[in-house]
Amino acid sequence: MERPFSESDWLATPEPVRRCVEALEQRIEKLEASHAQLLKRIEQLEQRLNQNSQNSNKPPSSDPPYQRPGRERRNPSGAGAARRA
């Protein structure tokens, strides 16, 4: 990590404070690495979630009924029947 102060300022900082800052820097690096791994995992899971029979080797029967292409939704109010008559 790049520190926002000069090397001479760092050397003038009391030793316990330097140790604390260094420990916090290490912790930030670990958290950033963990964060990157979690973002990658989320992306992988979202890709799996968006798979269906059209973009994978899954059978069509595994597609959710509300996402099947070519299926029309029925109108529960019956308004469509008046237009057909």
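Glu-15 has a relative accessible area of 38%, so the residue is partly exposed. The model is predicted. Three salt bridges turn up in a search of the whole structure. Glu-15 joins Arg-18 and Arg-19 in a salt-bridge network. Arg-3 pairs with Glu-25.

**Overall fold and surface**

- The chain contains three helices and zero strands.
- Along the sequence, the pattern reads α-α-α.
- The chain has 85 residues, and buried ones make up 9% of them.

- Side chains of opposite charge can pair when their charged atoms come close.
- Glu-15 forms a salt bridge with Arg-18, and their closest N and O atoms are 2.7 Å apart.
- Helix α2 holds both Arg-18 and Glu-15. Three residues separate the two positions, about one turn of the helix.
- Glu-15 also forms a salt bridge with Arg-19. Here the closest N and O atoms are 3.9 Å apart. The pair counts because the cut-off is within 4 Å.
- Arg-19 and Glu-15 are about one helical turn apart, because four residues separate them in helix α2.
- Arg-18 has 17% relative accessibility, so this residue counts as buried. The cut-off for buried is under 20%.
- Arg-19 is partly exposed, with a relative accessible area of 49%. Exposed would require over 50%.
- Taken together, Glu-15, Arg-18 and Arg-19 are linked through salt bridges.

**The Arg-3 to Glu-25 bridge**

- Arg-3 and Glu-25 form a salt bridge, with 2.8 Å between the closest N and O atoms. This pair links distant parts of the chain, 22 residues apart.
- Arg-3 sits in the segment before α1, which covers 7-12. Glu-25 belongs to helix α2, residues 15-49.
- Arg-3 is at 26% relative accessibility, so this residue counts as partly exposed.
- Glu-25 is at 13% relative accessibility and therefore counts as buried.

Notes. Residues are numbered from 1 along each chain as its sequence is written. This is a predicted model: local features need pLDDT of at least 70, side-chain atom pairs count only at pLDDT 80 or more; totals for chains, interfaces and linings use all residues. Side-chain values use heavy atoms; hydrogens and water are left out. A salt bridge is a side-chain nitrogen of Lys or Arg within 4 Å of a carboxyl oxygen of Asp or Glu. Buried means under 20% relative accessible area, exposed over 50%, partly exposed in between (1.4 Å probe, protein chains only).
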